[in-house]
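Please walk through this structure with me, from its ligand site to its domains, its helices and one loop.

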Amino acid sequence: MPAKKKKPKIYSHSRLSTFEQCPLKFKFRYIDKIIPEIRATIESHLGKIVHDTLEWLYTQVKKGKIPSVEEIIIHYTEKWEEDYNEDIPIIKKGLTVKDYFNKGVEFIINYYTKHQPFEDNTLETEKKILIELDNKGEYKIQGFIDRLSHDVEKDEYGIHDYKTANNLPMQKQVENDRQLALYALAIKELFGMDKEVCLIWHYLAHDKKICSRRTNEELQNLKEETLKLIKQIEATITFPSNKSILCNWCEYKKDVCQVWNKNVEEKKETKQVELDIW
Ligand code: SF4
């Protein structure tokens, strides 16, 4: 009988960045699989609803119907109410749920005004991609592209990502971004390595678009670095905490993390378990 093929290990960008941000948080989330009481923050709720609304907008456009700005705000409001619950914490002092809701309305109106009639040839929204990191097919990265467009005249693909956070990165920071670069690799592998791919971040809080490109050599290096990071994660036995300002948005701060809860005992070692999806 032929040897049974090993199931690939599938990682995602968010798993890798959780490890980079705080190994202890990575352990709670992906090894111990602790389900926190409240998973969302008001920022993640806002992000989710804005993403959902823009996805809906482009789905309508693909069907040949451009919704009015009123229709899109109605969709946003309905989604917000459907998903919101009063336990979602607001970390930033002095801000209310209404402030966050209104931010979303502003993001959408600005985006709508700037991009209508949405003629940049959207191919897909929430496009699932899978990238092979090694030749044996043991390691893969899975992700979802917010929106993929194709400029037919230039034969150039656009990978769009919507950002709802307040920060606006410097160009140098986006030049080093791993997530969209990995997605570019997937698109090139799909349509041809000679194709031009533009990475586009829409910073909605600033009504600003930032673009970047990668050479094939840079993408190949990124693939190798990503695999190296995965091997490092797999070789990890102790998962140290990394206390920072980001703890305020960590779902384990309130009652799981020993850094903030002195009565919680710290486990010194953790044996990693085999998971299909990381
Ligand atoms: S609260 Fe901070 S230190 Fe604790 S797991 Fe979360 S990010 Fe890490």
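**From the ligand outward**

The ligand has 15 residues around it, and Cys 22, Lys 25, Cys 247, Cys 250 and Cys 257 are the closest. The model is a predicted one. Sorted by class, the shell around the ligand holds 10 nonpolar residues, two polar ones and three charged ones.

Now step back to the chain. The domain assignment divides it into domain 1, residues 9–117 + 244–249, and domain 2, residues 122–228. The centres of the two domains, taken over C-alpha atoms, are 20 Å apart.

Look next at where the domains meet. Here 20 residues of domain 1 contact 21 residues of domain 2. On the domain 1 side, strand 1 (9–12), helix 3 (42–62) and helix 5 (97–115) each provide at least two of the touching residues. Helix 3 gives the largest share, 11 residues. The class make-up of this side of domain 1 is nine nonpolar, six polar and five charged residues.

Turn to helix 8, residues 216–235. How does the span of its 20 residues agree with the distance between its end C-alpha atoms? At 1.5 Å a residue, helix 8 should span 28 Å. Its end C-alpha atoms lie 29 Å apart, so the two values agree.

Helix 8 also has a buried side. Which residues of helix 8 are buried? They include Thr 226, Ile 230 and Ile 233. These three cover an arc of only 60° around the axis, and therefore sit on the same side of helix 8. The buried residues of helix 8 pack against strand 1, helix 1 (13–21), strand 3 (139–151) and helix 7 (179–191). Strand 1 also supplies residues to the side of domain 1 that touches domain 2.

The face of helix 8 turned away from the buried side is another matter. It carries the exposed residues Glu 217, Glu 224, Glu 225, Lys 228, Lys 231, Gln 232 and Ala 235.

Helix 2, residues 23–31, comes next. Its buried residues are Leu 24, Lys 25, Phe 26, Lys 27, Phe 28 and Arg 29. Lys 25 is also among the residues closest to the ligand. Helix 1 is part of what covers the buried residues of helix 2. Helix 1 is also one of the elements that the buried residues of helix 8 pack against. After helix 2 comes Lys 33, with a positive phi near 50°.

Finish in the loop between helix 5 and strand 2 (122–132), where Pro 117 lies. Gln 116 and Pro 117 are joined by a cis peptide bond, with omega about 5°. Phe 118 lies in this loop between helix 5 and strand 2. Its phi is near 60°, a positive value in a residue other than glycine.

Asn 121 is a residue other than glycine with a positive phi, near 60°. It has 14 C-beta neighbours inside 10 Å and therefore counts as partly exposed.

Technical notes. Residues numbered from 1 in each chain as written. Predicted model: local features only at pLDDT ≥ 70, side-chain atom pairs only at ≥ 80, totals over all residues. Near = placed C-beta within 6 Å. Nonpolar A, V, L, I, M, F, W, Y, C, P; charged D, E, K, R; others polar. Domains from an automatic or database assignment. Contact = placed C-beta atoms within 7 Å. Helix = DSSP H or I, 4+ residues; strand = E, 2+ residues; numbered from the N terminus. Expected span 1.5 Å × (residues − 1). Buried ≥ 20, exposed ≤ 12 C-beta atoms within 10 Å, placed from the backbone. Arc of directions from axis to C-beta.
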